[in-house]
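Here is a short report on one protein model.

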Amino acid sequence: MNFFNDCQINWLAIASSNDLLELLQLASIQRAIVGAALMGILGGMLGSFVTLRQLSFFSHAVGHAALVGVALGVLLQVNPTWMLLPFTLVFGVIVLYFIDKTDLASDSVLSIVLSGALAIGLILTSQIKGYRGNLMAVLFGDILAIDTTDLILTLLVLVGGSIFLLSTLRQQILLTLNPDVAQVQGVPVQLYRYAFVVLLSLAVAVAIKAVGVLLVNAFLVIPASTAKLMSHHFSRFLVLSVIVGSISSIAGIMVSGLFNLASGPSIVLVQFLLFLAVFIWFKLSLKAA
């Protein structure tokens, strides 16, 4: 029996006894919590710009098209993560290039490319014989499977993204609010757009292992949308998005362990319930006012 199966058995036994202290003593759970925190911060930070720049469909397309990278990794017997990273990166850049070089609406280009990538992914998936555990884990998320390499990759993307976005925050805000004015003021709009797409694609790739291909877009969009309900001041909105993303991710891991639920759906469910709570709270507050 391998290490992953041992972790699964320990996970089930502890979840059935609802012993949170024992749960936190497992090395796999500790890695999952650290990974959830890092990914929550990364998702909250990037999600702020994704929602304001209306790129949610873009991240959705990149996440779903990652099925091709996953299937290739399984077929070639390579760690799917190492296939996801270059594939999502190339896919994101190509899609943005198509959007810039055609007269079609961006949603049309995204739909076309996404459909083609999904078709290729499904064909490749049908060629996989025997055990498909790696494929299923990436499709639906399995944060227990996160190892030290995944944590290092996530940390590198987080640090690189933070340095890039925070060091150019004024330009990023201007680019988000009014790209034409940013262009006039000398902001390298195209360079920043492609750099952000690269960063977003890498973030999607590292988050897929935790929340899965099917839910990775929600992981980016829901925390930022929740934060947007709480504040319209950009700096405060950015901070709140990071806080909501990290806390909800950790809470999702706890829910997953205590109730023996899948990790990816648990994280997104907690984020969704938090969004509903904030929405109802602010609606009631406005009525009371």
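Helices (H or I, at least four residues) and strands (E, at least two) are DSSP runs, numbered from the N terminus.

## Basis

This is a predicted model: local features need pLDDT of at least 70, side-chain atom pairs count only at pLDDT 80 or more, and totals for chains, interfaces and linings use all residues. Residues are numbered from 1 along each chain as its sequence is written, and side-chain values use heavy atoms, with hydrogens and water left out.

## Second largest pocket

A pocket is an open set of points on a 1 Å grid over the protein atoms alone, where a 1.4 Å probe fits, with protein on both sides within 12 Å along at least five of seven lines; lining residues have an atom within 4 Å of a point. The second largest pocket has 16 lining residues. R53, Q54, L55, L96 and R193 lie nearest its centre. Helices α4, α5, α6, α9 and α11 each supply at least two residues of the lining.

## Salt bridge

The structure holds one salt bridge (a side-chain nitrogen of Lys or Arg within 4 Å of a carboxyl oxygen of Asp or Glu). R193 and D100 form it, at 3.1 Å, N to O. R193 sits in α11 and D100 in α5, 93 residues apart. R193 is partly exposed at 24% relative accessible area, and D100 is partly exposed at 28%. Buried means under 20%, exposed over 50%, partly exposed in between (1.4 Å probe, protein chains only).

## Helix α13

S246 lies in α13 (residues 234-258). Its relative accessibility is 12%, so S246 counts as buried.
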